[in-house]
Amino acid sequence: MIYTAAYPPLKAHANQLKTQHLADLFKAEPNRFEAFSTAIEGLLFDYSKQKIDSQALDGLIKLAEERDLSEWIQKLFAGEAINHTESRAAGHTRLRDVNNPSPDVSKQWDRMANIVSQVHQKQLRGYSGKPITEVVNIGVGGSDLGPLMVTHALDKDRHPQAPGIHFVSTLDAQQLQKLLNKLNPETTLFIIASKSFATIDTLSLADTAKAWIQQYAKSESATLRHFIGISTNAAKMAEWGILPDYQLLFWDWVGGRFSLWSAIGLSIALAQGMAGYKSMLAGAQAMDQHFKETPFSKNIPVLMGLIGIWNTNFLELAAQAILPYDSRLKYFASYLEQLEMESNGKSTRRDGTKVTYRTNPILWGEVGPNAQHAFYQLLHQGTERVMSDFILFSQGVSTSKRATFHHQLNVANCLAQSRALMIGQASDDLNKHYPGDQVSSTLLLETLDAHHLGMLIALYEHKVFVQSVIWNINPFDQWGVELGKKLASEIMQDIKSGSTDHLDSSTAGILKAVLAHSTGVSDEN
């Protein structure tokens, strides 16, 4: 851990709290909810089921002060080059300043709005003159996970003139081919989303889509009317063939896992309309303001981050479960897996030295009702100690009697599970014994709409940043993904040549088995 003055007393106190059961903390402090919860408009954060007390909280805030968290927050919002390994800022918060946008951001909003309007008004037409009715987003990582998560979550509020929105990211082409079999090439538009516009994963899928349109279009120019490019690299987009009016730009200071706030969010805007898209930006901006201006003791991202530090580095928990009780957040845990583990899955400090403490926990999750019948068994009776985030909405999707009943049942299940994890249940039959003492927090939002979803996403972004400051690591690079890309390119050459002599025996053996079963390449696209 970072050995500041706050560390030794925190460590000693953690050793004491480890021996206390969560249920006993509630018995000793019946009003724990009042002491260990805080709220802003539209969002309540309850951390009373964490194994924490006032002494631990005071010590964690002191730790944040000793790690200069306030100064780092200022650097983030001032646009300083805090991504030091790439010598650039982390400017994603600039993208959601709906009240005072910079000219470059505003320009891209205008270009997005123009495309959205053309699609919604049936003015954007394909090679045959028919209007675009279906849009396929081709991207990987942040160019897929963010837009996919948001459009699924907000599908109930989709714009009445929105096209069908589809997402493709898998390299085996089965996902894309299955989709192409259902779509009409005359009315399908492809969004090619890639920060560098050089990612072989994305471009290979884009080339397949291009070949599909070319089978039917009469000319190259007609084909290219079916493609929009979103990238930081205008030259590469032009080289591929993206027409100038069909190019949207963002900037190298926008990391992929933060890019849904940029033009990468075009699919969101097409689904929600620009008003809906900007409502999401405004929700994120509201969280930005809270993060910048609120004292640490009431600052929800700071508290979430510090509690995560407490659990990871003091209580020695290595796993984090994300448990949304709303099926519309089906992809939220997957989105957070990238946000958290790509950001803070690091073992090198900012000064280049190796860390000597645990950083980011292993994170996974699922929609609560599904998870209850899957991995909750491990949470309740397994050997692992796990920290959990429950996410709940106070308003259901409808006020009808039947919908209200289902919403109440959902609320009951969420609260029952967090309570069961906390109190447990003793039994002489060990098969029926629940040890309890599993820590959790609950986030209660008013409703799942664009504004509140923007708040929720920004909350987790800032939580990740808080933890990076305490761990003294850079959360904005991702060098760990580069080696696999490099080796994949090399192995592609081995596949073409059939040579495996320089590979390790495992890789060579598997590749030989693959090559032995190859029957040749067909002309099928």
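A residue is counted as buried when its relative accessible area is under 20%. By this criterion strand 10 (387-393) of the predicted model is mostly covered, with seven of its seven residues buried. In a regular strand the side chains alternate between the two faces of the sheet. For strand 10, Met 387, Asp 389, Ile 391 and Phe 393 lie on one side, and Ser 388, Phe 390 and Leu 392 lie on the other; both faces are covered.

Strand 10 pairs with two other strands, as follows. Strand 8 (residues 319-324) runs parallel to strand 10 and is joined to it by five bridges, with Ala 321 opposite Ser 388. Strand 11 (residues 440-445) is also parallel to strand 10, the pairing here comprising six bridges. The bridge partner of Ser 388 in strand 11 is Ser 440.

Rolling a probe the size of a water molecule over the atoms shows where empty space is left. Four cavities of 30 Å³ or more were found, and the volume of the largest cavity is about 80 Å³. Its lining consists of Phe 45, Gln 50, Met 304, Ile 307, Gly 308, Asn 311, Gln 320, Met 387, Ser 388, Asp 389, Ser 441 and Lys 463. Helix 13 (300-314) and strand 10 are the elements that give two or more residues to this lining. The largest share, four residues, is that of helix 13.

A separate open sheet contains five strands in the order 4-3-5-6-7, with parallel pairing. Strand 4 (164-168) and strand 7 (247-249) each have a single partner strand and therefore stand at the edges, with one side of each left without a neighbour in the sheet. From one strand to the next the twist averages 20 degrees. Five bridges connect strand 3 (residues 134-138) with strand 4 in the parallel sense, and Glu 134 stands opposite Gly 164 of strand 4. Helix 7 (residues 142-153) packs on the sheet through contacts with strand 3, strand 4 and strand 5 (188-193), and its direction makes about 145 degrees with that of strand 4.

Helix 9 (residues 200-214) lies across strand 3, strand 4, strand 5 and strand 6 (227-231), at about 160 degrees to strand 5. The end C-alpha atoms of helix 9 are 20 Å apart, which agrees with the 21 Å that its 15 residues should span at 1.5 Å a residue. The buried residues of helix 9 include Thr 202, Leu 203, Leu 205, Ala 206, Ala 209 and Trp 212.

Helix 7 and helix 9 also take part in the lining of the largest pocket, as do helix 14 (332-344) and helix 19 (482-497), each supplying at least two residues. This pocket holds about 760 Å³ of space. Of its 35 lining residues, Lys 195, Gly 256, Gln 478, Val 481 and Lys 485 lie nearest the centre.

Ser 87 is exposed, at a relative accessible area of 61%, whereas Asp 437 is buried, at 17%.

Notes: Residues are numbered from 1 along each chain as its sequence is written. This is a predicted model: local features need pLDDT of at least 70, side-chain atom pairs count only at pLDDT 80 or more; totals for chains, interfaces and linings use all residues. Side-chain values use heavy atoms; hydrogens and water are left out. Two strands pair if DSSP finds at least two bridges between them. Axes are lines fitted to C-alpha atoms, for helices over the stretch in contact, and angles run from 0 to 180 degrees between N-to-C directions. Contact means heavy atoms within 4.5 Å. The expected span of a helix is 1.5 Å times one less than its number of residues. Buried means under 20% relative accessible area, exposed over 50%, partly exposed in between (1.4 Å probe, protein chains only). On a 1 Å grid over the protein atoms alone, a cavity is a set of points where a 1.4 Å probe fits but cannot get out, and a pocket is an open set with protein on both sides within 12 Å along at least five of seven lines; lining residues have an atom within 4 Å of a point. Grid points are joined across faces, edges and corners, and a volume is the space filled by probe spheres set on the points.
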